[in-house]
Amino acid sequence: MAYETISVETAAGVRTVTLNRPDDLNSIDERVTSELQSELRNVAREKAVRCLVLTGAGRGFCAGQDLKSVMERKGPLDFTETLRRRYNPIVFALKALEIPTIASINGVAAGAGWSLALACDLRIASTKAKFVSAFSKIGLVPDSGMTWTLPRLVGLSKALEIAWMGDPLSAETALQLGLVNRLAEPEELAKVTAEWAAVLAKSATRGLGLTKRAMYAALGNDLDTQLEYEAQLQGVAGRTKDYTEGVKAFIEKRAPEFIGD
Ligand code: T3D
């Protein structure tokens, strides 16, 4: 599928997906959601891809739903249908990918654009980035997973404050609140992101993927259930070639060469 609204590149096991509608701050129309869904299916199939980076072209990361195209929609607006069909599959797909995902937030992230960044496993933001819930300003509920991720990252009361007040958060505030993992100067963002992505893409991918599964499952599990789940996942990790290589490299006092399997 030839993409019009995103661009995609792969280097050394890292797939970078760039939202590419810079004139509208990479806001999300029908085509964007369809292309993102398609690309995430590709990433899930390609074993050679061992880390995913999501970023934006131009001065914004993503301004959420394209409000201009909303005005062009024919018939009554059915947001339940649109979220189920367009947005929710993207959030599910990001969570289901058994590789690390990094949002490299180059500028403003608003509405569902911020939700997409929150749906990634890690976030690195430009010091110029800002974060706007946006939903309350147009009478909507935070969606695309924001009501799930935000309270887990910042606590319930702060999440409600962010959602209700709608004030833009600076990159520095986002870092202090734990909404992003680290900051980079705008001109350094791609390099800093690439450094983390390279480390992750060279790691024992199955182990990282199983760790992701365990961590997300823990958010809904009690300790007994989680201990059993860890035991099962460790059973899988212990049978990987990368585990054997990791132990061998330790004994031989050299750096491991993981193959991601
Ligand atoms: O509809 C459904 O399917 C339900 C799903 C909803 C999910 C959602 O995401 S709802 C939330 C939608 N997003 C917003 O409400 C954010 C709207 N945008 C803003 O509040 C501001 O633009 C920003 C805070 C993001 C950035 O502000 P600023 O001052 O840096 O930029 P700007 O001047 O407002 O915008 C620059 C251009 O981008 C401008 O275009 P123009 O006038 O130069 O031709 C602006 O219209 C355009 N733009 C920004 N956001 C959107 C957009 N165009 C379409 N849709 C947008 N969301």
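Student: What makes Arg 59, Ala 63, Gln 65, Leu 67 and Ala 112 stand out around the ligand?

Tutor: They are the closest of the 25 residues that surround the ligand, where a residue is near a molecule if one of its heavy atoms lies within 4 Å of it. This is a predicted model, in which local features need pLDDT of at least 70, side-chain atom pairs count only at pLDDT 80 or more, and totals for chains, interfaces and linings use all residues. Residues are numbered from 1 along each chain as its sequence is written, and side-chain values use heavy atoms, with hydrogens and water left out.

Student: Why are α9 and α10 called roughly antiparallel?

Tutor: Helix α9 (residues 205-218) and helix α10 (residues 223-237) pack at an angle of about 170°, with their axes 10 Å apart. Angles over 145 degrees count as roughly antiparallel, and therefore α9 is roughly antiparallel to α10.

Student: Which residues of α10 make the contact with α9?

Tutor: Gln 226, Tyr 229, Leu 233, Val 236 and Ala 237 of α10 do so, contact meaning heavy atoms within 4.5 Å.

Key. Axes fitted to C-alpha atoms, helices over the stretch in contact; angles between N-to-C directions. Helix = DSSP H or I, 4+ residues; strand = E, 2+ residues; numbered from the N terminus. Parallel < 35°, antiparallel > 145°, perpendicular 65-115°, else oblique.
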